[in-house]
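Please look through the structure shown here and follow the briefing below, which moves from pairs of strands to single residues and then to the chain as a whole.

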Amino acid sequence: MSIVKYTLLFFIIIFSFLCQASIEKKDLIWLTDDDKDLTDLKMFDKDISIGTDTTNLVLKELSDYNIDFQLVQIPRAGKLMKGMGNVCISNRIKTEERQVDNVFSFPVNIFPGLRLYYLKDQKRLLAEGKDTRIFNEQGELRSLSVLFNIYPDSVIAITKGRSFGEAVDKQLQQVSNHNKLTRAGDGRYYALIQMLIKGRIDFLIDFPVEIKRELTGDTKEHNLSNVPIANIPEYIVGH
């Protein structure tokens with residue numbers, strides 16, 4: 001075989017390897033703390049919720065990756081994000097603490113209106129919306145500290161490791177542990193809403209779109225009501 005043929009064969013082999021390398025997909029671990037995401041993510045032809053639908057728009061563009069969806073609790077997700085380079089998580093709120101170890105994308109989701117949820121037949125003063133100790137002139141809850149001064153034996157449930165942004169996080173830090181129930185584990189979002197509906201807890205903070213999502217398909221009438229909280233952003237940005 002001539003030198004020309006050897007040279008041509010060499011470049012054909014090299015080119016084949018280059019083509020193979022160029023189409024080889026990269027591995028990416030996608031973390032979530034919501035078990036519904038394991039079925040809802042990558043369902044590009046179905047409208048589910050703001051958070052899920054916008055995340056699916058991102059996933060649709062990541063065709064060059066083999067994505068492994070994994071269900072983890074939020075504290076565990078935080079540790080994995082610090083220690084691994086091929087890990088992503090969506091709908092993550094940017095805080096100063098998280099920016100130390102995480103790289104954030106441009107905003108992906110905008111969630112309007114965090115609300116404090118309660119049962120209106122159990123919290124008359126909240127339901128009436130008139131007590132100036134509790135409400136400001138705009139009809140907003142003055143603060144969580146004020147709330148628990150009025151209801152000192154009530155309990156608010158929170159998800160371990162979940163952030164609602166620095167303004168709300170700071171208010172929650174000021175609430176006594178006596179008044180907080182911290183929950184972890186799979187299916188906790190739905191579980192916390194059910195605990196509120198059944199009167200096992202008194203308060204819950206969440207986004208209206210998430211409450212609606214968790215109660216989709218539930219045909220029962222519930223006595224849930226909500227109130228906005230003063231001095232927090234009108235919307236929260238997720239990355």
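## Strands and their partners

Tyr117 stands opposite Leu204 in strand 8. The two strands involved, strand 5 (residues 115-119) and strand 8 (residues 203-206), pair in the antiparallel sense over three bridges, where two strands are said to pair if DSSP finds at least two bridges between them. This is a predicted model, in which local features need pLDDT of at least 70 and side-chain atom pairs count only at pLDDT 80 or more, while totals for chains, interfaces and linings use all residues. Residues are numbered from 1 along each chain as its sequence is written, and side-chain values use heavy atoms, with hydrogens and water left out.

- Five strands make up an open sheet with mixed pairing, and their order is 7-6-8-5-9.
- Strand 7 (180-183) and strand 9 (224-228) are the edge strands, since each of them pairs on one side only.
- From one strand to the next the twist averages 35°, an angle taken between lines fitted to C-alpha atoms, on a scale from 0 to 180 degrees between N-to-C directions.
- Strand 6 and strand 7 run parallel and are joined by four bridges, and Thr159 stands opposite Arg183 in strand 7.
- In strand 6, Ile156 and Ile158 point one way while Ala157 and Thr159 point the other way, and all are buried; buried means under 20% relative accessible area, exposed means over 50%, and partly exposed lies in between (1.4 Å probe, protein chains only).
- In a regular strand the side chains alternate between the two faces of the sheet.

**Helix 4**

- Helix 4 (residues 74-83) has Ile74, Ala77, Gly78, Leu80 and Met81 as its buried residues.
- The buried residues of helix 4 pack against strand 1 (26-32), strand 3 (87-89), strand 6 (156-159) and helix 9 (188-197).

**Two buried residues**

- Asn102 sits in the loop between helix 5 (96-99) and strand 4 (109-112), and Asn102 counts as buried because its relative accessibility is 11%.
- The side chains of Asn102 and Arg92 make a polar contact (3.2 Å), that is, a pair of N or O atoms within 3.5 Å, of which, within protein, one must be able to donate a hydrogen and the other to accept it, and residues adjacent in sequence count only if both atoms are side-chain atoms.
- If neighbours within four places in sequence are left aside, Asn102 is in contact with Met81 and Arg92, contact meaning heavy atoms within 4.5 Å.
- Ile236 belongs to strand 10 (residues 235-238), and Ile236 counts as buried because its relative accessibility is 6%.
- Ile236 and Leu114 are 122 residues apart in sequence, yet 7.9 Å apart in space, C-alpha to C-alpha.
- Not counting residues up to four places away in sequence, Ile236 touches several residues, including Leu114, Phe164 and Phe207.

**The chain as a whole**

- The protein chain has ten helices and ten strands; helices (H or I, at least four residues) and strands (E, at least two) are DSSP runs, numbered from the N terminus.
- Of the 239 residues of the protein chain, 41% count as buried.
- Among contacts in the protein chain between residues at least 6 apart in sequence, 74% join residues at least 24 apart.
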